[in-house]
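Student: Could you take me closely through the strand pairing in this model, and what packs or sits around it? Please keep it brisk.

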Amino acid sequence: MVKVKQNVWIKGTKDGLVFHLDDACAFSDLLDELQEKVHNSHQQILSGPIISVVLKFGRRYVTAEQEESIREILRHRGNLVVRKVESDVITKEEALQEKLSAQMQIYSRTVRSGQVIRHNGDLLLLGDVNSGALVVCTGNIYVLGSLRGTVHAGAEGCEEAIIAAYDFIPSQVRIAGVLFSDSPEAEQITRMEFVYVRDNHLIKAPMSQLHKIRPGLGQFVI
């Protein structure tokens with residue numbers, strides 16, 4: 001008996017259904033099989049109240065029109081709600097954004113009170129961050145000077161980010177959504193330290209421990 005290759009796999013999970021859509025077949029074949037399964041052959045798994053659906057396209061690039069044709073087939077059932085679309089394909093714009101995010105920007109001057117610096121990726125500051133200044137980055141922040149102002153690393157939610165400084169006396173530091181609440185007094189200057197997120201708290205540690213706590217930071221792309 002010859003086993004017919006499937007282009008559409010429907011898998012149940014605790015959150016709903018996952019539609020795995022083959023990324024190598026002709027798109028028209030994919031639509032035909034999806035339509036057959038949604039309307040005829042898979043009534044038992046597709047019936048019932050509102051069902052959350054995740055679409056997985058694999059390495060197939062799907063245009064907006066093609067995605068809409070898939071959604072249209074699912075909409076006919078009335079109870080299938082597409083919650084998420086996953087694809088291994090990224091656009092040129094997304095690839096460029098990832099490349100920029102992986103690069104470290106070097107800023108070689110003091111950030112003065114009232115100044116605001118925002119960067120997508122890691123930032124190396126060769127100077128001080130004065131009180132009243134604000135630095136926001138999606139990646140890590142390294143200050144080879146006195147950190148006295150406000151800095152926010154991992155600004156888009158990356159809790160793996162760190163904030164490191166030569167003199168660590170900030171007004172406020174935040175990583176992702178976690179705020180450092182144990183700011184030292186101005187007179188208690190501590191040097192060569194960094195903060196990182198652990199168990200939803202910001203922890204301060206000497207720089208000598210960085211390679212143990214964030215071993216992946218040894219591989220920079222500048």
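Tutor: Two strands pair if DSSP finds at least two bridges between them. Keep in mind that this is a predicted model.

Start with β12 (residues 172-175) and β13. Two bridges join them, and the strands run antiparallel. One of the residue pairs is Ile-175 with Val-178, the latter in β13. Two bridges meet the cut-off, which asks for at least two.

Now widen the view. β12 and β13 belong to an open sheet of five strands, in the order β6-β8-β10-β12-β13. Its pairing is mixed. β6 (116-119) and β13 (178-179) are the edge strands; each has a single partner, so one side of each has no neighbour in the sheet.

There is also an open sheet of four strands. Its order is β1-β2-β3-β4, again with mixed pairing. Here β1 (8-13) and β4 (80-86) stand at the edges, and each has a single partner strand, so one side of each lacks a neighbour in the sheet. From one strand to the next, the twist averages 25°. β1 pairs with β2 (residues 16-21) in the antiparallel sense, over six bridges. Within that pairing, Ile-10 is bridged to Phe-19 of β2.

Helices pack on this sheet. α1 (residues 27-41) touches β1 and β2, and its direction makes about 45° with that of β1. α3 touches β2, β3 and β4; its direction makes about 150° with that of β4.

Follow the chain between β3 (51-56) and α3 (64-75), and you reach a loop that holds Arg-60. Arg-60 is buried, yet has no salt bridge. The backbone of Asp-22 is another matter: the Arg-60 side chain reaches its oxygen at 2.8 Å. Leaving aside neighbours within four places in sequence, the contacts of Arg-60 include Asp-23, Ala-24, Cys-25 and Ala-26. Phe-27, Leu-30, Ser-87 and Val-89 are also among them.

Compare a charged residue elsewhere. Asp-122 lies in β7 (residues 122-125). Asp-122 is buried too and has no salt bridge. Its nearest side chain of opposite charge is Arg-214, at 11 Å. The Asp-122 side chain still has a polar atom 2.7 Å from a backbone nitrogen, that of Asn-140.

Technical notes:
Residues are numbered from 1 along each chain as its sequence is written. This is a predicted model: local features need pLDDT of at least 70, side-chain atom pairs count only at pLDDT 80 or more; totals for chains, interfaces and linings use all residues. Side-chain values use heavy atoms; hydrogens and water are left out. Buried means under 20% relative accessible area, exposed over 50%, partly exposed in between (1.4 Å probe, protein chains only). Lys and Arg count as positive and Asp and Glu as negative; His and the chain ends are not counted. A salt bridge is a side-chain nitrogen of Lys or Arg within 4 Å of a carboxyl oxygen of Asp or Glu. A polar contact is a pair of N or O atoms within 3.5 Å; within protein, one must be able to donate a hydrogen and the other to accept it, and residues adjacent in sequence count only if both atoms are side-chain atoms. Contact means heavy atoms within 4.5 Å. Axes are lines fitted to C-alpha atoms, for helices over the stretch in contact, and angles run from 0 to 180 degrees between N-to-C directions.
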